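The sequence and the model are shown below.

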Amino acid sequence: MFAIRYWYSKENSLTIYTVQHESSETSLFDNFLERFENHEKYATALQQLIDYIFAKFIFHKQPRRLVRHEGAIDALPGNGIRWMEAPDFDNAFPLRLYCSEIGPGIWIFYDGGIKTAATAQDGDTSTAYYEALEFQSKIDEHRRDGTFYADAKSRKLLTAHAEHRDNNDLINL
Amino acid sequence: MTAQEQRIQKLLDKTPQHVKEYNAFMVDLIDLIEDRLEELGWSRKNLSEHLDKRPSEITKWLSGNHNLTLASLFKLQGALGIPLVTTALESYHHSQQTVSRSIKVYAPNKPVREITFTNVSSATVSMKSVYKNAK
């Protein structure tokens, strides 16, 4: 069991949702922020990523241009972005945040991690990558069976089923 | 402000200005390259052929796994045929360029008149100057 939690939106921006395990008090995206906010080495990378996402990505007309495609899932930041505090860092940008678009202007942010291998399936990001894939597949399943739907006009996820509705911020699945 | 907004704002406040400017520059650059490729109907493979490079090298250039040098940017600029690199001096000269604008004036019971403004220092012509010239 898990819940989809509303996280952020601004006027003319994308709407960001995240996912939360039933057994957890915090969402995957909050976990990601918590891990790197005060990280000795990667706090500046998180700041750069947050600026990239919340100053550029969420207002971009073609946000898919600003993500990198890692198999069935997307990741932020997109191609071409290097870590400004350490531009000679071998693996370009050191952090990955996994995400996917589940409706027009509606994105889910999962967890992420430190990029330590050439592919998302390997290294320190692999747990977060496979977890994101699993959630994406469950979310797709619930969308297909009509548990909830993406409302393009309001850029919100809505459900008509009372048993799934906790409050405006949460859809229990 | 929600707790999430506060959290994001706190991180944005900590981000140095040069990092914000770098992100903005890179997003503009990505858009310029992607828009131009779409306009030309080129794939990245076509671009690599025009640059006489291996497709894998172009992927590396555009993927972030390579620190793009000014020389690479000028090569890209040449192949795509659009400016990707503009110096501060060029921007300054551009802002000083004079342009001329023509505006049609529609007034009740009067024939339509066209007024041309010259030596306009930007693309904007104020309504005040239109009114002054239309009288």
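## Basis of the report

A salt bridge is a side-chain nitrogen of Lys or Arg within 4 Å of a carboxyl oxygen of Asp or Glu. By this rule, 7 salt bridges are counted between chain A and chain B. One salt bridge joins A:Lys10 to B:Glu5, with the closest N and O atoms 3.7 Å apart.

The model is predicted: local features need pLDDT of at least 70, side-chain atom pairs count only at pLDDT 80 or more, and totals for chains, interfaces and linings use all residues. Residues are numbered from 1 along each chain as its sequence is written, chains are lettered from A and ligands numbered from 1 in the order in which they are written, and side-chain values use heavy atoms, without hydrogens and water.

## The interface

Chain A contributes 33 residues and chain B 28 residues to the contact (heavy atoms within 4.5 Å). Between them the two chains bury about 2800 Å², 55% of it on carbon and sulfur atoms; buried area is the accessible area (1.4 Å probe) lost on being put together, summed over both parts.

## Helix H5 of chain B

Helix H5 (residues 70-80) of chain B has B:Ser72, B:Leu73, B:Leu76, B:Gln77, B:Ala79 and B:Leu80 buried (under 20% relative accessible area, with exposed meaning over 50%, 1.4 Å probe, protein chains only). These residues lie on the same side of H5(B), because they cover an arc of only 165° around the axis; the arc is that of the directions from the helix axis to the C-beta atoms. Helices here are DSSP runs (H or I, at least four residues), numbered from the N terminus.

On the other side of H5(B), B:Leu70 and B:Gly78 are exposed. The buried residues of H5(B) pack against helices H2 (17-40), H3 (44-51) and H4 (55-63) of chain B.

Note on methods. Helix = DSSP H or I, 4+ residues; strand = E, 2+ residues; numbered from the N terminus.
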